[in-house]
Amino acid sequence: LTTDFGTEDWFVGAMKGVILGLAPKATVVDITHDIPAGDIRSGAFALAAACRCFPKGTIHVAVIDPGVGSRRNAIAVRMRNQIFVGPDNGVLSLALAGEEIVAAHRLENEKYFRLPVSRTFHGRDVFAPVAAHLSRGVALARMGPKVGEFVKLGLPAARVTKNGIHGEIIYLDRFGNAFTNITAELLPQAGQPVARVLRKGKRLCRVAEFYQAVSAGQPVAVIGSSGHLEIAVNGGNAASKLRLRIGDAIDLTV
Amino acid sequence: LTTDFGTEDWFVGAMKGVILGLAPKATVVDITHDIPAGDIRSGAFALAAACRCFPKGTIHVAVIDPGVGSRRNAIAVRMRNQIFVGPDNGVLSLALAGEEIVAAHRLENEKYFRLPVSRTFHGRDVFAPVAAHLSRGVALARMGPKVGEFVKLGLPAARVTKNGIHGEIIYLDRFGNAFTNITAELLPQAGQPVARVLRKGKRLCRVAEFYQAVSAGQPVAVIGSSGHLEIAVNGGNAASKLRLRIGDAIDLTV
Amino acid sequence: LTTDFGTEDWFVGAMKGVILGLAPKATVVDITHDIPAGDIRSGAFALAAACRCFPKGTIHVAVIDPGVGSRRNAIAVRMRNQIFVGPDNGVLSLALAGEEIVAAHRLENEKYFRLPVSRTFHGRDVFAPVAAHLSRGVALARMGPKVGEFVKLGLPAARVTKNGIHGEIIYLDRFGNAFTNITAELLPQAGQPVARVLRKGKRLCRVAEFYQAVSAGQPVAVIGSSGHLEIAVNGGNAASKLRLRIGDAIDLTV
């Protein structure tokens, strides 16, 4: 489960109750419920970063759904190894990118919903019961009509320039580490101590192999665990110390 | 589990350790642990809203227990489909309301406690082990003497007036949505766009079917997923934007 | 699992995905993920307080690991009833204290890691998979060479003085209760209403058996559920009301 429901209220608990009522042997795992309310992009990034750690057969339910109750579609998408369930608003799209889609269907068959479906809580009434039924082997095709296209997030792409790589900050984690859209594949020289990181054109730090390569309190960029270049402060909070924000331009020069 | 223990410390983990030591096959589900410290009313509301999503045979443990260590009773209550365990301070009472109570017993039999029982953590030493034993089939009657009466929360009731319905705000969720005590049953005209919502006598918004029925940033009232009239702001935080507080009078006029 | 990863991001979810991929029948339990970032001492205290509530056979994974990626060791330690897995930086040491260590090994065998091992997320790539393999019966000795010594936290010890007991505050919980290093064993007179608690030499409160022994809003010290003398305010937040901080000297005089 990946949602923006938070853990202060009963919303996630209600989803789990519904799932376990239909699929008592399911193992329900939280990725996070603390995606900022309505922040489809952060939810999509978290889901994409986590989903490859989960085993074959996992059904991911992602509910960052500011359009709940309106006309947006609900979908379930089968990839080779996992199924993704959620609103068709882009929240699934980063997890789906780059792999072959086996089948995708709209969720329209009320037989697999919790009825009556509320207008404001499809996490409980649509996505949770559909995922539970899928986990018990109900065919994806029974959920509704096939869909060909679905909403993709227009995440900015990093690009190679004559001086290096130009990208931007796309996610801030709870430690204040800033994830950029510059990934390991773009960075054959990653780890070379001469690589410099610029933020808005001004020198920020160098690239190293781990946080402790610089003194405590100093900034550094590393290829983090998700394969993205992260800007960090050794033992500190880079986002607050360096005033980093999502969207800040980051340049890498060698 | 529904508690005010938070997730910063080890308290919930300790409860789960105790439960799984006694009932290794139990599935333990968190409703929430972020009820404001000692806020019996919010805990009771969250439990009542969530419990109907859980399957037959669920044992709910609710520990919002500011009187722990004093003379308040601990109880377990069997309803037709579920069992509720917690202090007898009202935290169970909204979940118990409106359904037939099959049996209710005080928790006094130390055989089913974790000994020695601390003065400050009955969640770990009384409620968790009792729930674990109940889940394994120990009879409720073995926990202690039968009880007839228990503490009920005096939650304010909404009432029909000559102009509409008079109620109040009883819960604020993490999105800033304000739940009122006006429920769907009281509201035959719910969804009619002419229904107006007043806060302290001043016009606040209209009733609609879902959040997006109004422009982004505008207030709206909807019958939410728990069956209560909720005041929301489309894409925003109604509690902060409209300065809503628990106890604010809400009137509905058609 | 006990970590400082927080629940805002996908880090804990990724660990669980890895564990369940290797050990699908494992029951994964959160102690807490909200240890302050890098606070080895609070993590060690939470783990030590919780671990004795867990059944025989439990494998504890504690990842408060500010030195991840540097040369610190990773270890797994078998006690009589449980196994502890984490970085060798002291985070396990309070849980290990006072019991016999059956075996301790460094984690060096990449066969039991998730490859390639990232530089920044050994929770996912080292500790989670090692714990999963151990839960399936892989011998501890296969993880790497035996270790004799490991890092112990220099937690201050309380001591008996001619006037009473001298200790200090070592942990603040989410309710604002201040845990001291004065434990029940040092306190034969605990619970005697004449015992006075001094903070930095000035009278703070008396010792009682439970919070409600004093009026609402008044400070009191009780032997809490972890066996430590806690300073609390009945119905309030002692840490903020009394401006208590970790390290504050606390004296007990009878």
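Student: Let's go to the contact between chain B and chain A. How many salt bridges does the count give there?
Tutor: A quick word on the ground rules before that: this is a predicted model, where local features need pLDDT of at least 70 and side-chain atom pairs count only at pLDDT 80 or more, while totals for chains, interfaces and linings use all residues. Residues are numbered from 1 along each chain as its sequence is written, chains are lettered from A and ligands numbered from 1 in the order in which they are written, and side-chain values use heavy atoms, with hydrogens and water left out. Here a salt bridge means a side-chain nitrogen of Lys or Arg within 4 Å of a carboxyl oxygen of Asp or Glu. Between chain B and chain A the count is one salt bridge.

Student: Which residue of chain A meets B:Glu209 in a salt bridge?
Tutor: Look at the side chains, with N to O at 3.0 Å. The partner of B:Glu209 is A:Arg119.

Student: And which element gives the largest share of the side of chain B that touches chain A?
Tutor: Elements here are DSSP runs numbered from the N terminus, helices being H or I with at least four residues and strands E with at least two. Those giving two or more residues to that side of chain B are α2 (40-51) and β7 (164-172). The largest share, four residues, comes from α2(B).

Student: By class, how many residues on that side of chain B are nonpolar?
Tutor: Ala, Val, Leu, Ile, Met, Phe, Trp, Tyr, Cys and Pro count as nonpolar, Asp, Glu, Lys and Arg as charged, and the others, Gly among them, as polar. The side of chain B that touches chain A has seven polar and six charged residues, and its nonpolar ones number 16.

Student: What area do chain B and chain A bury between them?
Tutor: Buried area is the accessible area (1.4 Å probe) that two parts lose on being put together, summed over both. Carbon and sulfur atoms carry 59% of it here. The total for chain B and chain A is about 2,300 Å².

Student: Which three residues supply 29% of the area that chain B buries against chain A?
Tutor: You want the trio that supplies more than any other three residues. They are B:Cys53, B:Arg174 and B:Ser225.

Student: Now chain A and chain C: how many residues of chain A are in contact with chain C?
Tutor: Contact means heavy atoms within 4.5 Å. On the chain C side, 30 residues take part, and on the chain A side the number is 29.

Student: Which residue of chain C forms a salt bridge with A:Glu209?
Tutor: The count between chain A and chain C is one salt bridge. Its closest N and O atoms are 3.0 Å apart, and the residue paired with A:Glu209 is C:Arg119.

Student: Why do the copies in chain A and chain C meet through different surfaces?
Tutor: Compare the interface residues of chain A with those in chain C. The copies use different surfaces because the share that are also interface residues in chain C is only 7%.

Student: Which residue does a cis peptide bond join to A:Leu115?
Tutor: Most peptide bonds are trans. In this one, omega is about -5 degrees. The residue sits in the loop between β5 (101-106) and α4 (122-135) of chain A, and the name you want is A:Pro116.

Student: What is the phi of A:Arg243?
Tutor: Most residues other than glycine have a negative phi. A:Arg243 lies in the loop between α5 (238-241) and β13 (249-253) of chain A. Although A:Arg243 is not a glycine, its phi is positive, at about 55 degrees.
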